[in-house]
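Good morning, and thank you for coming.

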Amino acid sequence: MKNIAEIRADFPILSRKVYGKPLVYFDNGATTQKPQCVLDAVDEVYESYNGNIHRGVHFLSDMSSEAYEKAREKVRSFINADKREEIVFTSGTTGSINGIAFSFGERYIKPGDEIILSHLEHHANIVPWQMMCERKGAVLRVIPINDKGEIILDEYYKLLSSKTKLVSVTQASNALGTILPVKEIIAAAHSVNVPVLIDGAQGIQHGIVDVKAMDTDFYVFSGHKIYGPAGIGVLYGKEKWFSELPPFQGGGDMVDKVTFEKTTYNELPFKFEAGTMNYPAAIGLARALDYVLSIGRENIASREKELLSYATGRLSAIKGLKIYGTSDRKISTISFHIKDIHQYDTGMILDKIGIAVRTGTHCAQPVMDRYGIDGTVRASLCFYNTKEEIDTLADGIEKVKSMFA
Ligand code: PLP
């Protein structure tokens, strides 16, 4: 494995200064920084072979189309899907969930049917289902969490019934860091023939994702959270579902034959890709996945585990600091609050020291409601972070405390 200095040198932005201070980037849960090879891959498209995909007979269009389809193949092998037909590009996790919520609702949902979510969901995995439920007269059921921020599996098992039509849960909580027991969740749903969608927005970048081993029906993630460009995401679905589901958007490329009377749809996966896709970003994402593989997913996971343990030790030793999300199974995310200091004040002072953290509800208001708080400060770490940066954060928090003393 490359050493940490070599890894950091791959990410040009990490050497910049903010307000004259070295940047400490702890907002990886919101978006990750990009290695030079990803920046180069996107530049290369526009500089040397840009042409709209799947449309032209000309050289550039052929080259772009080929690179785009290679990117699909890269995603397929990265998540260990069976077939390229099961990989659909979207605009991101939000785009993927909205698409499935619409199609699934149109095809299968009737009044009184139920969709199960967990209390840990990001708004992107709540609102699209709520919109679908309103349209179709269906009902959302929610798996509760305990004080550590873990879902209560026994309560989940009780919620599963003949009314359940789909379970949609996150792989890891963006607000608290908790990793969910997705294998158990999927096995229980399948035992009553209910499909499952896993929101991998906070899962894919922290370890090995194998959709076949997981046996999930749908898996979604965003390129920008795994060192790729923004504006590209993935919707994986088992072929059996994709063949039955109607498209969620109409337009160019997703069609076979169009007349004013009737349209027939293109084969998979194109049936779900309407209009000009963000092919430069898909190509950039493929390069990001190659980069992750070159570092090694086990190496990334073990380095992040070490950073999480160090950061948890340093932060929990600070008087007046409370960590929300204390499960033993966590991604490298720490949500906290300092007694009597509003999270925005903490975030703004840390920013002036060059430390980027996220403050607020993290698009997970129900999680905050569960604890009766209006937000936290969140430090989300990844493998390019260092223990020295964690020390800078701990010193910064002491400074915040002294300013408010
Ligand atoms: N789901 C989870 C768990 C997330 O953390 C996020 C973003 O933070 C999303 C969904 C939405 O991702 P995007 O904004 O890339 O669509």
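This is a predicted model: local features need pLDDT of at least 70, side-chain atom pairs count only at pLDDT 80 or more; totals for chains, interfaces and linings use all residues.

Residues are numbered from 1 along each chain as its sequence is written, and side-chain values use heavy atoms, with hydrogens and water left out.

Let me stay with the ligand for a moment. In the side chain of Thr94, an N or O atom is 2.6 Å from a ligand oxygen. Thr93 takes part through its backbone, where a polar atom is 3.4 Å from an oxygen of the ligand. For His122, a polar side-chain atom lies 3.5 Å from a ligand oxygen.

I now turn to the domains. An automatic or database assignment divides the chain into domain 1 (4–30 + 296–404) and domain 2 (39–293). Their C-alpha centres lie 28 Å apart. Counting heavy atoms within 4.5 Å as contact, 37 residues of domain 1 touch 36 residues of domain 2.

How much area do domain 1 and domain 2 bury between them? The value is about 3,100 Å², 54% of it on carbon and sulfur atoms; buried area here is the accessible area (1.4 Å probe) that two parts lose on being put together, summed over both. Arg297, Ile331 and Arg370 supply 25% of the area that domain 1 buries against domain 2, more than any other three residues.

The rule asks for a side-chain nitrogen of Lys or Arg within 4 Å of a carboxyl oxygen of Asp or Glu, and it finds 1 salt bridge across the interface of the two domains.

Which elements of domain 1 supply at least two residues each to the side that touches domain 2? They are helix H11 (297–316), strand S14 (333–338) and helix H13 (365–371), where helices (H or I, at least four residues) and strands (E, at least two) are DSSP runs numbered from the N terminus. H13 gives the most, with 6 residues.

Finally, a backbone detail: a cis peptide bond joins Leu268 and Pro269, with omega about 5°. Pro269 sits in the loop between strand S12 (263–265) and helix H10 (279–295).

Note on methods
A polar contact is a pair of N or O atoms within 3.5 Å; within protein, one must be able to donate a hydrogen and the other to accept it, and residues adjacent in sequence count only if both atoms are side-chain atoms.
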